[in-house]
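Here are some notes for a colleague who is opening this structure for the first time. Please keep the view at hand while reading.

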There are 2 protein chains.
Amino acid sequence: MTKPQHTVIFQPSGRRGKVEDGATILEASRKLGGSIESVCGGKGTCGKCKVKIEQGRFHKYGINSSIDSVEAIAAHNEEFLTPKQLRDGYRLACQTHIHGDVVIFVPEESRKAQQVVRKEATARDIKLKPAVKKYYVEMPPATLHDSLGDSERLQAALASAHKMEGLKVDYTVLTTLPGVVRQEDWKATVSVWKGREIIGVAAGKKERGYGLAVDIGTTTVAGYLCDLGSGEVLATDAMMNPQVSYGEDVMSRIGYAVKGKNGLKQLQRAIIKGLNEIARRAAAKAGLRRTDIVDMAVVGNTCMHHIFLGIDPRNLGRAPFTPAVHHSVDVKARDLGLKVAPGAYVHVLPIEAGFVGADNVGVLIAEEPYNQDEMVLIIDIGTNGELIMGNRNKLLSSSCATGPAFEGAEIRHGMRASPGAIEKIKIDPKTKEVEFKVIGNDAWNTGTKAIGARGICGSGIFDAAAQMFLAGIIDKGGRFNTGIKSDRLHNDGDEPEFVIARAAETAIGQDIVVCQKDIRAIQLAKGAMYSGARIMMNKLGIAKIDRVILAGAFGSYIDKMSAAVIGLFPDCDPARVVAVGNAAGDGARMALLNTDKRAEADKRAREVAYVELTIEPDFNKAFTQALNFPHQTDEFPHLKGILPEQK
Amino acid sequence: MTKPQHTVIFQPSGRRGKVEDGATILEASRKLGGSIESVCGGKGTCGKCKVKIEQGRFHKYGINSSIDSVEAIAAHNEEFLTPKQLRDGYRLACQTHIHGDVVIFVPEESRKAQQVVRKEATARDIKLKPAVKKYYVEMPPATLHDSLGDSERLQAALASAHKMEGLKVDYTVLTTLPGVVRQEDWKATVSVWKGREIIGVAAGKKERGYGLAVDIGTTTVAGYLCDLGSGEVLATDAMMNPQVSYGEDVMSRIGYAVKGKNGLKQLQRAIIKGLNEIARRAAAKAGLRRTDIVDMAVVGNTCMHHIFLGIDPRNLGRAPFTPAVHHSVDVKARDLGLKVAPGAYVHVLPIEAGFVGADNVGVLIAEEPYNQDEMVLIIDIGTNGELIMGNRNKLLSSSCATGPAFEGAEIRHGMRASPGAIEKIKIDPKTKEVEFKVIGNDAWNTGTKAIGARGICGSGIFDAAAQMFLAGIIDKGGRFNTGIKSDRLHNDGDEPEFVIARAAETAIGQDIVVCQKDIRAIQLAKGAMYSGARIMMNKLGIAKIDRVILAGAFGSYIDKMSAAVIGLFPDCDPARVVAVGNAAGDGARMALLNTDKRAEADKRAREVAYVELTIEPDFNKAFTQALNFPHQTDEFPHLKGILPEQK
């Protein structure tokens, strides 16, 4: 028996359609394009997917919608919704099942915003040694007296003109070869992969080759279309990772992948479809077709890596966190459904450890700490935090669960870096007055004018914590100083909160605040990073770090002083704290353009010693101490005069 | 604007459905399963697809069917249909377009019969050295202190237990590896291809491996499921090549492949679907699943080879008849859509020349003439005829267009070897009375009882020609001796004809005859074969052949004496004319089971010198002389006393 179907209409978007009885509102939204935010992936733990069940008869739609059309799971709804909201028909979309026709209003703050993608390619000097090279050949035409096969004829020409022998031929080449060699009078250009396999043949002389480097982030996916002959980046394209609908962080994705029969396939299809779109758009920008792309290099964290390759990721999420494969993988693009040149390979960079993925290897080969004398700390702040520390003598890596606080999740008014997000904050230490800047608006706010703030993104949260600490609104331990005189400080609720943007300045009609719980979330996140670095310093037996490299797009947008003040990393000369942008993507680009970098990646990824922080004996103590701003006991000579005097 | 749709009903099958305005009846039959015979592939040249347009209102179907519902192309219809048949509503299905609702009756003789597939595996002693071998390994479990990737862990175990290092890993293996290695406590069996690539992993100890050898004939496809460890044939399965609907012979298939945008894809999909079905059925017979098949070896003529691989075959059909590739091809089964083990390869045997394909290479490595001292002639009679001649010193091959006469096409009452076909014929030299045997009926007919004859298949045609020649009904030149007294000899029509089966003995209600045109077609076919052999003897400078090997299923069913009498090949001791069955399929099986045979095939295929008969200066003369029964001038000492004395 098939289940009954119900009509669902989302407002204000007007998206409508039918869903099966029992589907959640979030599932309906995914199916029909309702664009409901879902940070936790539908587990009922983030509270970001509040929607309102519109009640009454909707003549416009012919629907008699009522709160009885849905059945909500009490526990999670009551945790995130007030009794009044519940009475008014608000529910969590992921915890509410549809049992009748229904009209659903998605409030502004629950709508999924198009994230601002900040993953430009950094200018880097890359030596060229691409995997795919092109060779022009002229063949003697086939005759009745010389009717050697087209493939053998081509290979003979390659041998005589370019001294290349014994090449494998990708079967897709054979399928079109007869037409191609005859099209321009037995003249053709051959694409050869790693000097050993013919992966493509084009009629006539077409010696320029193109490749696509890809960085698959948990949240953002970026592609860099490069000329393999010059190394030039011809076009960049990026999008939100389409898997975001299935869960915001790595653990939610793993959860989704192992759920049901097709979870993994759905996630894989989503990213492949996204990459095909990136390839199409990037190629179009450069005046090319997608099939002109003859090589690809891909980085991503271990979970993105596994899902991209269609590998069951469940073991990445449970001890001992073993990946399916450590080494780099070369796979035919077509095997994954990628619609570039039919014979093209995708090179997927190696993995360091269960939580230190190919993205970190990208950072590694881009920054080359193994060629440095200085003691370097590389921090890659993504949805997951990764650390590399050391120099040419020894390198350690580790990974820490920062939680999603830096991405705006688990923060009362947290949001992703999309238009309307407060990204920069200054607090006057005396007046406690606040200035802030919103994405999509170049001006700082200078009063109470409405500049459309909707929430606070990661870099704004860094600033908020640092500025509140420097202004004495919170103390070293993160506690609110409730004695402060400011109408921005609210003490009357369950917990103290500080108003960053007043209701009138916002697009959501209510104060945007930072509360005690938000500060605790930031402490946990930064404490995890700091203690990781501290434990690695102990392991290396070093007392100081010469240079801090902030990798990842996020690292380019946070205020370095805010990061230092809250104690994201141990003491370092602020002049030697540098942001290098999307180094993971740069590493992918280097691997695309230079096979020596691929070999280097495989070699170096195995040399880096992974430190599993959670099993280190001093982990708990180090973590507890690191929860303080900037640290309970460590000295910060470079912040002297900046940090408030401790009593 | 979409075209109007018409309802079409086929009788007596009752298959019905809608087709677009303008579709031919043959196209409608292919779409709806009307099972109309189509030997020429829809070109209007074989006349086998006669159907009757039923006229009048068909209340049963709610259709007002009339001859006006169709529009026939006059030329071809008038060639094959009498004025009375035309008046009665008979038309050629391929030359008649549908423009209204219509009921179509398919007469018995136009129905596609399920061919009797005669491709059993021959018992042969095959040395075992399969490409895929299985290795059992036990791994130390992953722990927090040893979290090496599953793939590297597996490889380490292979290296320590079996000394196998540096193996490539097929990416499909990675997708399931994490689950597989943990399923039976870190014990697994690894399938390794050619000692260099891991193509599959199964949990626990599963050391038996299975492979499928396939012979893709133009008309018949056969698969042999083998145990790779013992060589045993566990199951055989065969079917008509599903491409037959698109054209009976190689040239029609090429024509279809290059026609329109999707011709080649349609043909490829048809054979792949067929092979998947063969794999499924064969596996089921052996109590296995299709995915237990870890290796495949395939033979087929050049056209079947190209279409199977999705290669544009157009150049095979025009001078200089160059194939896309001569060498063997190893391609992932999944790339072709074959649903065996996901990591499995298909080994496609090499090609000798434009018309001498991988099937002939299969014959070559099965019969090994290159290891013989005797002068051998190997005749492979399929839809196309192929010859190999020589011994260990030198080998020649050639190909001749026998035309489809041996398959029953272009013969008035010719048909494929399916139930109802007359397969054996004896004619009393004195009375000119005929005895015959029909497929599906073990008894010879001994009078005029109805035993359901529908036509004559290839072996019956051989017998008819030989017996008519020996009985003096036709002379050495193939002319009918019209002076003979027999009511079986009809002289009153356009051309003389001889009745093999009287109307009462048939299922089609009319005499089954052999006419002058039929004899001419046989002469052309056998003349092509004979002259090919004659030219090759001249090239080798030899006067006699020591042994004739009849390869191909067809060769096993023809009467050797009939073949000798009509002059299919030059004189040879009848005791040394042997039929070896489907040697091409045997060759595929050998290549499946022994990689040395694959290497041998690649080497020997290049050594055989192809003779392009049509450009030989003595071709015309040799051909003309060979049209005679058995030959105009050659001596046949071994047929002395059997052949009629020539005046």
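1. Helices and strands here are DSSP runs, numbered from the N terminus; a helix takes at least four residues and a strand at least two. The model is predicted. With those names in hand, start at a proline of chain B. B:P320 sits in the loop between α8 (302–309) and β18 of chain B. The peptide bond joining B:A319 to B:P320 is cis, with omega at about 0°.

2. Chain A has a cis bond to look at too. A:F629 and A:P630 are joined by a cis peptide bond, and omega is about -20°. A:P630 is placed in the segment after α16 (619–626) of chain A. Most peptide bonds are trans, and most residues other than glycine have a negative phi.

3. Now turn to phi. A:W186 has a positive value, near 60°, and is not a glycine. Look for A:W186 in the loop between α5 (171–183) and β12 (187–193) of chain A. Is A:W186 buried or exposed? A:W186 counts as buried because its relative accessible area is 8%, under the 20% cut-off.

4. A:K432 also calls for a check. Phi of A:K432 is positive, near 65°, in a residue other than glycine. A:K432 belongs to the loop between β23 (421–427) and β24 (434–438) of chain A. This lysine, A:K432, is buried, with a relative accessible area of 11%.

5. Next, the interface. How many residues does the contact take from chain B and from chain A? There are 37 residues from chain B and 37 residues from chain A. Between them, chain B and chain A bury about 3300 Å², and 60% of that is on carbon and sulfur atoms. The interface holds 20 residue pairs in polar contact, both residues being at pLDDT 80 or more. On the chain B side, α4 (150–162), α5 (171–183), β18 (329–332) and α9 (333–336) each supply at least two residues. The most come from α5(B), with 6 residues. By type, the chain B side divides into 18 nonpolar, 11 polar and 8 charged residues.

6. Salt bridges across the interface of chain B and chain A number 2. One joins B:R334 to A:D335, with the closest N and O atoms 2.7 Å apart. A network of salt bridges links A:K168, A:D170, A:E197, A:K332, A:R334 and B:D335.

7. Over all chains, the salt bridge count is 74. Among them is the pair B:R314 and B:D312, at 3.0 Å from N to O. B:R314 is partly exposed, at 35% relative accessibility, whereas B:D312 is buried, at 15%. B:K544 bridges to B:D546, with the closest N and O atoms 2.8 Å apart. B:K544 counts as exposed, at 53% relative accessibility. A:K52 and A:E54 meet at 4.0 Å, N to O. A:K52 counts as partly exposed, at 23%.

8. What is the disulfide count over all chains? It is 0. A:C226 is buried, at 0% relative accessibility, and A:C515 is buried, at 1%.

9. Finish at helix α14 (residues 583–593) of chain A. This helix is mostly covered, with 11 of its 11 residues buried. Charged side chains are part of that list: the buried residues of α14(A) include A:D586 and A:R589. Also buried there are A:M590, A:L592 and A:L593, among others.

Definitions and conventions. Residues numbered from 1 in each chain as written. Chains lettered and ligands numbered in written order. Predicted model: local features only at pLDDT ≥ 70, side-chain atom pairs only at ≥ 80, totals over all residues. Heavy atoms only, no water. Contact = heavy atoms within 4.5 Å. Buried area = accessible area lost by both parts, 1.4 Å probe. Salt bridge = Lys/Arg side-chain N within 4 Å of Asp/Glu carboxyl O. Polar contact = N/O pair within 3.5 Å; in protein donor to acceptor, adjacent residues only side chain to side chain. Disulfide = S-S within 2.5 Å. Buried < 20%, exposed > 50% of the residue type's maximum accessible area, 1.4 Å probe, protein only.
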